[in-house]
Amino acid sequence: MKKLFFKYINSFSGLSKEVWWLALITLINRAGTMVIPFLSIYLTDSLCFTLKDVGWIMSSFGAGSLIGTWLGGKLTDKIGYYKVMVISLFATGIGFISLQFLDTFPTFCLGIFIIMIIADMFRPAIYVALNAYSSPENKTRSLTLIRLAINLGFSAGPAIGGLIIVSIGYYGLFWLDGITCILASLILMYILNPKHTVTAQQEVIINPKSPYKDGPFILFFLAMIFFSISFIQYFSTIPIYYKEIHLLSEFDIGLLLGLNGFLIFTLEMPLIKYLEKSNISKVTLILWGAALTGFSFLILNVLPWLSIIIIGMLLMTIGEMIAFPFSNAFALQRAQKGKTGEYMAFYSIAFSIAHIIGHNTGMRLVDSFGFTATWYVVSVLMGLCVLILFLLQYYLNREVSQ
């Protein structure tokens, strides 16, 4: 046991102090993002919106995310990741506190759209920050550490969120989410020296290649769209499935989602360090992760037991642990110097598009055809993701051989 513990600790060695500070800031921020997993339930139960209304609100969420991610990539390459992250975190905190006062369909759509523009400016900025503060051999593990911070916060957040809903109501979630975002921005301003960001942004080459003209990267982008459309169902239709079909309470749902974050915090870094030492390509590992995630939906229809939702969560968690760190690392590896912000924005836009399409489509499929048909459709989409990744690996092999 002692040897296993030291191996686990050793998997974190060699990361820069700036990466650790970024992880702490992310942990504080994500510990408060307890609104998101309960948003679909809040909209249907507290505001009495229909599933179709919720679908359109989630599309507004995704549209704001797409614009914010694109804008964040542009601004990161122009003014630096430090300014973008501070502005995004502080303004997002104010936005989440204000969101609780919106109670009509049009105002909530507009509110969530604006908040996500501001919030998702942060995403490409933190990728570029990690790129600047990580050595080449530590990039995947640095990305994994940030994911661990996200999931540690997300494992505590939903569990605490469910307790807050039961105790004082949904408005407490909005206040905590807003305050933690503001707190994260203040720590960022206090800890990270802006001079470091200026130095990092000076590494530019003449006429760098655009991600929009990188054929293999566009294939990768398409695969990530299909992957993320399927994955985000765990934050919109799946919570409703847990509540309506398996009769779980908000607190039970929070604990189940918290299990995902706890397992990632415990197992992901050693798993990534082990897989990094293998000769398996990043694309193949992403493919494995996508296959496991797709299977986590399929088994919900094949086996009717209550315990199958836990097995499904475990499969999705393993798939997520493999797919996300290596997809992040592939995008950074593919990025050309001077266009890192655009590459990481383009990568993140895949998830923004999924928010526009995935939530709305998922809600409408459930509303029209039920959960069983929806899980089959999601499984097929993940199958398309796997096929595209096979094609991508073929083109990458040809690229190397030329």
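**Close-up 1. Arg123 and Asp120, a buried pair.** Both Arg123 and Asp120 are buried, meaning under 20% relative accessible area with a 1.4 Å probe and protein chains only. The two form a salt bridge, with the closest N and O atoms 2.7 Å apart; the term stands for a side-chain nitrogen of Lys or Arg within 4 Å of a carboxyl oxygen of Asp or Glu. This is a predicted model, where local features need pLDDT of at least 70 and side-chain atom pairs count only at pLDDT 80 or more, while totals for chains, interfaces and linings use all residues. Residues are numbered from 1 along each chain as its sequence is written, and side-chain values use heavy atoms, leaving out hydrogens and water.

**Close-up 2. Arg334 meets Asp214.** Here a salt bridge has its closest N and O atoms 2.9 Å apart. Arg334 belongs to helix 15 (residues 308-334), whereas Asp214 sits in the loop between helix 10 (194-201) and helix 11 (215-231), so the pair ties together parts 120 residues apart in sequence. Helices are DSSP runs (H or I, at least four residues), numbered from the N terminus. Both Arg334 and Asp214 are buried.

**Close-up 3. Lys74 and Glu342 link distant parts of the chain.** Their salt bridge brings the closest N and O atoms to 3.3 Å apart. Lys74 is in helix 4 (residues 51-79) and Glu342 in helix 16 (residues 340-369), 268 residues apart. How accessible is Lys74? Lys74 is partly exposed, at a relative accessible area of 30%; partly exposed lies between buried and exposed, the latter being over 50%. Glu342, for its part, is buried, with a value of 10%.

Technical notes. Helix = DSSP H or I, 4+ residues; strand = E, 2+ residues; numbered from the N terminus.
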